[in-house]
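Here is a short report for a reader who is new to this structure. Please look over the sequence and the model first.

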Amino acid sequence: MYIPKYYKVTDVHEIEEFIQMNAFATLVTTKQGTPIATHLPLMLHKKGDDTYLTGHMAYGNPQWRTFVSCGDVLVMFQGPHAYISSSWYSHENVPTWNYQAVHIYGKATLLDKDEVSEDLTSLLEKYEKHREQPVLWENLSPELLEKEMKGIVGFQIKISDIQAAYKLSQNRNEADYENIIAQLNNEATPNSKQIAEQMAMRCKK
């Protein structure tokens, strides 16, 4: 990913937090030279000194069969994004787009049945535990779990490289930066307000 110096993020803790909060990812591999992608939720795990992403996809999805032949896979995590009008600057310029994105590279391998069960247990804990009637692994019938497990393939990705870009108007002067935040908060889209919030948070750091 091309990242100008203004926008490069290197704080690993900050990047991991971003992944946890924006966990629905795009997984990209190649099949006979053609890129293919799947959109799916992933979990971040630490194992000793190594960091992994784990997830699962449908058995009928041919992408998992490319893990052996494609080398490193690419995983993309996307945060909020918003159009930035150059009318918000104090000088003439062109419009642009603000965004947050993280790219992960690593080797993907398949999980065995017990590892898939463990990962799905963690996934349900993350997204269900806070609900009034949580759908947790231990609450589901063995018959249903056995049936569903036959239809999926679990995998893990050992992370070898992380690239993160937060393009949040860091190259603008203070007055323009504050005006961009104000203008974004006046926009009707949730993404614009989320980008404004991210920009305001970075002012406080």
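## Salt bridge between Lys46 and Glu16

Lys46 and Glu16 form a salt bridge, with their closest N and O atoms 2.6 Å apart. Lys46 lies in strand E3 (residues 43–47) and Glu16 in helix H1, so the pair ties together parts that are 30 residues apart in sequence. This is a predicted model.

Lys46 has a relative accessible area of 52%, which is over 50%, so Lys46 is exposed. Glu16 has a relative accessible area of 16% and is buried, because buried means under 20%.

Side chains of opposite charge can pair when their charged atoms come close. In this model the count of salt bridges comes to 6. One of them joins Arg202 to Glu14, and here the closest N and O atoms are 2.9 Å apart. Arg202 lies in helix H5 (residues 190–203) and Glu14 in helix H1 (residues 12–21), so this pair ties together parts that are 188 residues apart in sequence. Arg202 is partly exposed, with a relative accessible area of 25%. Glu14 counts as buried, at 16% relative accessibility.

Lys113 and Glu146 also meet in a salt bridge through their side chains, at 3.3 Å from N to O. This pair links distant parts of the chain, 33 residues apart: Lys113 is in helix H2 and Glu146 is in helix H3 (residues 142–149). Lys113 counts as partly exposed, at 49% relative accessibility. Glu146 is partly exposed too, with a relative accessible area of 36%.

## Strand E7 and its partners

Which strands pair with E7? Strand E4 (residues 50–58) pairs with strand E7 (residues 152–167) in the antiparallel sense, over 7 bridges. Strand E6 (residues 96–110) also runs antiparallel to E7, and 12 bridges join the two.

Gly55 stands opposite Phe155. Leu110 stands opposite Phe155 as well. In a regular strand the side chains alternate between the two faces of the sheet.

## Gln63, a loop residue

Is Gln63 buried or exposed? Gln63 is found in the loop between E4 and strand E5 (73–84). Its relative accessible area is 1%, which is under 20%, so Gln63 is buried.

The side chain of Gln63 reaches the backbone oxygen of Leu27 at 3.0 Å. Leu27 is also one of the residues in contact with Gln63, once neighbours within four places in sequence are left aside.

## Lys126 in helix H2

Lys126 has its place in helix H2 (residues 113–128). Its relative accessible area is 30%, so Lys126 is partly exposed: the value falls between the 20% and 50% cut-offs.

Which residues does Lys126 touch, not counting those up to four places away in sequence? They are Gln20, Ala23 and Met43. Tyr2 gives a view across the model: the C-alpha atoms of Lys126 and Tyr2 are separated by 32 Å. Along the chain, Lys126 and Tyr2 are 124 residues apart.

Notes
Residues numbered from 1 in each chain as written. Predicted model: local features only at pLDDT ≥ 70, side-chain atom pairs only at ≥ 80, totals over all residues. Heavy atoms only, no water. Pairing = 2+ DSSP bridges. Helix = DSSP H or I, 4+ residues; strand = E, 2+ residues; numbered from the N terminus. Buried < 20%, exposed > 50% of the residue type's maximum accessible area, 1.4 Å probe, protein only. Contact = heavy atoms within 4.5 Å. Polar contact = N/O pair within 3.5 Å; in protein donor to acceptor, adjacent residues only side chain to side chain. Salt bridge = Lys/Arg side-chain N within 4 Å of Asp/Glu carboxyl O.
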